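Me: Could you take a close look at one helix pair for me, and then at whatever sits around it? I'd like the cut-offs spelled out as you go.

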Amino acid sequence: MNALAATNRNFRKASRILGLDSKLEKSLLIPFREIKVECTIPKDDGTLVSYIGFRVQHDNARGPMKGGIRYHPEVDHDEVNALAQLMTWKTAVADIPYGGAKGGIGCIPKDLSISELERLTRVFTQKIHDLIGINTDVPAPDMGTNSQTMAWMLDEYSKFHGHSPAIVTGKPIDLGGSLGRDAATGRGVVYATGALLAEYGKNIKDLTFVIQGFGNVGAWAAKLIHEKGGKVIAVSDITGAVKNPNGLDIAALMNHKEATGALTGFSGGDSMNSDELLTHECDVLIPCALGGVLNRENADHIKAKFIIEAANHPTDPEADEILCKKGVVILPDIYANAGGVTVSYFEWVQNIQGFMWNEEKVNMELEKYMTKAFHNLKNMCKSHNCNLRMGAFTLGVNRVARATMLRGWEA
């Protein structure tokens with residue numbers, strides 16, 4: 001089942017639990033605007049090449065639309081649509097005043113030079129600059145993009161609209177980026193994990209963790225869990241997997257990866273088959289990489305008691321049902337990885353005020369938002385007698401539906 005079908009399915013379930021009017025339900029699913037642009041750039045060798053860029057703006061009932069821009073060969077209309085919709089519910093779950101959007105360009109970033117990437121980003125920005133805005137739609141980095149991409153977007157947008165630091169988030173610190181933004185998603189995952197475990201009378205420091213994906217989110221989550229005394233016993237990324245039953249030294253592993261570009265060959269652990277990582281014996285499994293990694297093939301063999309969805313849509317609906325029957329507790333992505341968009345919101349607020357916060361304040365506010373969102377989510381689970389995923393979806397959908405009705409959607 002693809003991401004769009006799964007997201008729609010979760011939305012429809014939540015809407016049934018909430019008893020939404022069928023017309024309102026239909027209107028909440030329809031995106032506000034879908035943009036498709038041709039981005040033609042000269043390559044370094046002088047030849048012309050054209051890429052297709054998308055931006056789907058899903059809903060703005062609760063505030064400006066917010067979501068990442070990804071550069072990836074598999075960027076297609078359906079995927080962007082699903083991710084835009086997911087952002088609408090995610091911002092509502094975190095209770096930040098945004099709607100959802102998502103965009104991307106179908107390209108292979110590693111095959112492009114820095115100057116080609118810059119030209120592509122600038123052309124894309126030129127094509128959409130009058131459809132995004134500080135109070136309309138605020139992009140951010142995603143797969144294949146980074147703070148440099150945001151710096152180019154900011155510069156290109158500012159040529160048309162004057163200096164506008166709040167137009168994008170995830171910027172370099174020197175251009176108005178927020179302290180703590182780099183670690184935000186991983187840190188949010190750890191706060192979310194702490195809140196869930198406390199509900200079961202458990203603590204991070206007493207448990208073992210397996211982390212799939214050692215990019216920005218996975219590495220930060222591993223580092224912060226390690227600092228809190230949790231035992232990270234296995235991690236993997238596209239280069240391979242490494243395990244140590246006594247716990248990996250995460251700082252040393254990060255240094256090793258930086259030096260060699262791979263996890264394999266790390267002296268503080270044994271290499272293992274990446275395919276076996278998800279079914280490795282542990283208390284808490286944290287998938288931080290791609291979607292659909294937990295499916296009906298491997299769900300029966302998962303040994304973790306808790307799964308924290310740091311990636312977007314890592315659990316297929318079939319796996320979801322199998323794991324629920326086994327009594328595995330799954331903390332859903334639309335809450336678990338909302339730390340990134342929450343600190344993006346803090347960055348936007350700082351830019352609008354022209355007053356920057358220190359890192360301690362950013363982290364303190366993030367913890368406050370993640371903890372409050374967890375308690376709101378749990379209350380939804382209690383009042384509707386549902387699991388955490390439906391608790392999160394009903395919380396998000398209900399907030400957007402209320403805002404839509406208050407604004408007068410039938411007029």
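Reply: Helix 6 and helix 12 are oblique to each other, since their axes cross at roughly 120° and come within 7 Å. Oblique here is what remains once angles under 35 degrees (roughly parallel), over 145 (roughly antiparallel) and 65 to 115 (roughly perpendicular) are taken out. The axes are lines fitted to C-alpha atoms, for helices over the stretch in contact, with angles running from 0 to 180 degrees between N-to-C directions. The crossing is right-handed, meaning the near helix is turned clockwise from the far one by less than a right angle.

A word on the source: this is a predicted model, where local features need pLDDT of at least 70 and side-chain atom pairs count only at pLDDT 80 or more, while totals for chains, interfaces and linings use all residues. Residues are numbered from 1 along each chain as its sequence is written, and side-chain values use heavy atoms, with hydrogens and water left out.

Back to the pair: Ala184, Thr185 and Gly188 of helix 6 meet Gly339, Gly340 and Val343 of helix 12, with contact meaning heavy atoms within 4.5 Å. Helices are DSSP runs (H or I, at least four residues), numbered from the N terminus. Helix 6 covers residues 184–199 and reaches 23 Å from its first C-alpha to its last, close to the 22 Å expected; that expectation is 1.5 Å times one less than the number of residues. Of its 16 residues, 13 are buried, i.e. under 20% relative accessible area with a 1.4 Å probe, protein chains only (exposed is over 50%, partly exposed in between). Just after helix 6, Gly201 takes a positive phi of about 70°.

Helix 12 (residues 339–353) also holds Ser344, which counts as buried at 2% relative accessibility. Leaving out residues up to four places away in sequence, Ser344 touches Lys66, Tyr98, Thr169 and Arg181.

In an unreviewed entry, UniProt lists Lys66, Lys90 and Ser344 under "binding site". They span 279 residues in sequence, yet no two of their C-alpha atoms are more than 12.9 Å apart, so they gather at one spot. Treat the label with some care: such annotations may be inferred rather than shown by experiment, feature names are shortened, and positions follow the numbering used here.

Lys90 sits in helix 3 (residues 77–93) and is buried too, at 6% relative accessibility. Beyond its neighbours within four places in sequence, Lys90 contacts Asn312, Asp333, Ile334, Asn337, Ala338 and Val341.

Terms used. Helices (H or I, at least four residues) and strands (E, at least two) are DSSP runs, numbered from the N terminus.
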